[in-house]
Amino acid sequence: MATITLKKLGQAAIGTSVSTLYTVPASTKAIAKSIDICNTATSGTTIRLFLVPNGGTAGTTNAMLYDMSLPANSMLSWTGAQILDTAGDTIQVQAGATGCTITASGVQET
């Protein structure tokens, strides 16, 4: 029988280069249920969020958010269900400027 575990998939500062927030472990599937991005900077920026298949590269073909505007001192909240069903699938993120943080939560099935 599968085990379902509630999980913080990741929490980090977002840089101006694409970085990996979460990687699906071996023998596991995951569902991203909520993603919150906070801009604490005094100027706006853009956000890119990617759901990248194992062995893939972040780009427009796997973008969930692409150049989404995030005003100064504001927050973007997403809820839904995005399935990452292969070990090695990743959630990757990039900002147009520093000053943002991301928190992703969901479930893992093993």
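The model is predicted, so local features need pLDDT of at least 70, side-chain atom pairs count only at pLDDT 80 or more, and totals for chains, interfaces and linings use all residues. Residues are numbered from 1 along each chain as its sequence is written, and side-chain values use heavy atoms, with hydrogens and water left out.

**Stop 1**

Strands here are DSSP runs (E, at least two residues), numbered from the N terminus. Two strands pair if DSSP finds at least two bridges between them.

Select strand 7 (residues 90–95) with strand 2. The two run antiparallel, joined by four bridges. Threonine 20 has glutamine 92 in strand 7 as its bridge partner.

Move on to strand 4 (residues 45–52). Strand 4 pairs with strand 7 over six bridges, in the antiparallel sense. Pick valine 52 and find its bridge partner in strand 7, threonine 90. Strand 4 also pairs with strand 5, antiparallel, over five bridges. There, leucine 49 stands opposite leucine 65 in strand 5.

Now colour strand 4 by accessibility. Buried means under 20% relative accessible area, exposed means over 50%, and partly exposed lies in between (1.4 Å probe, protein chains only). Six of the eight residues of strand 4 are buried, so the strand is largely enclosed by the rest of the structure.

**Stop 2**

Zoom in on strand 3 (residues 29–39) and strand 6. Nine bridges join them, and they run antiparallel. Isoleucine 37 faces leucine 76 of strand 6 across this pairing.

**Stop 2: the core**

A nonpolar core is a set of buried Ala, Val, Leu, Ile, Met, Phe, Trp, Tyr and Cys residues joined through side-chain atoms within 4.5 Å. Which members of the largest core touch the most other members? They are Ile14, Ile37, Ile91 and Ile102, out of 23 residues. Strands 1, 2, 3, 4, 5, 6, 7 and 8 (100–109) are the elements that give two or more residues to this core. Strand 3 gives the most, with four residues. In soluble globular proteins, nonpolar side chains tend to be buried together.

**Stop 3: the aromatic pair**

Select phenylalanine 50 and tyrosine 66. Rings of Phe, Tyr and Trp (its six-membered ring) pair if their centres lie within 6.5 Å; planes under 30 degrees apart are stacked, over 60 edge-to-face, and the rest tilted. The whole structure has one aromatic pair. Phenylalanine 50 and tyrosine 66 are edge-to-face, 6.3 Å centre to centre, with 75° between the planes. Phenylalanine 50 lies in strand 4 and tyrosine 66 in strand 5, so the pair ties together parts that are 16 residues apart in sequence. Phenylalanine 50 is buried, at 2% relative accessibility. Tyrosine 66 is partly exposed, at 38%.

**Stop 4: the salt bridge**

Select arginine 48 and aspartate 67. A salt bridge is a side-chain nitrogen of Lys or Arg within 4 Å of a carboxyl oxygen of Asp or Glu. The count is one. Arginine 48 and aspartate 67 form a salt bridge, with the closest N and O atoms 2.7 Å apart. Arginine 48 is in strand 4 and aspartate 67 in strand 5 (residues 63–70), 19 residues apart. Both are partly exposed: arginine 48 has a relative accessible area of 23%, and aspartate 67 has 36%.

**Stop 5: the cysteines**

A disulfide is a pair of cysteine sulfur atoms within 2.5 Å, and the structure holds zero disulfides. Cysteine 38 is partly exposed, at 27% relative accessibility. Cysteine 100 is buried, at 2%.
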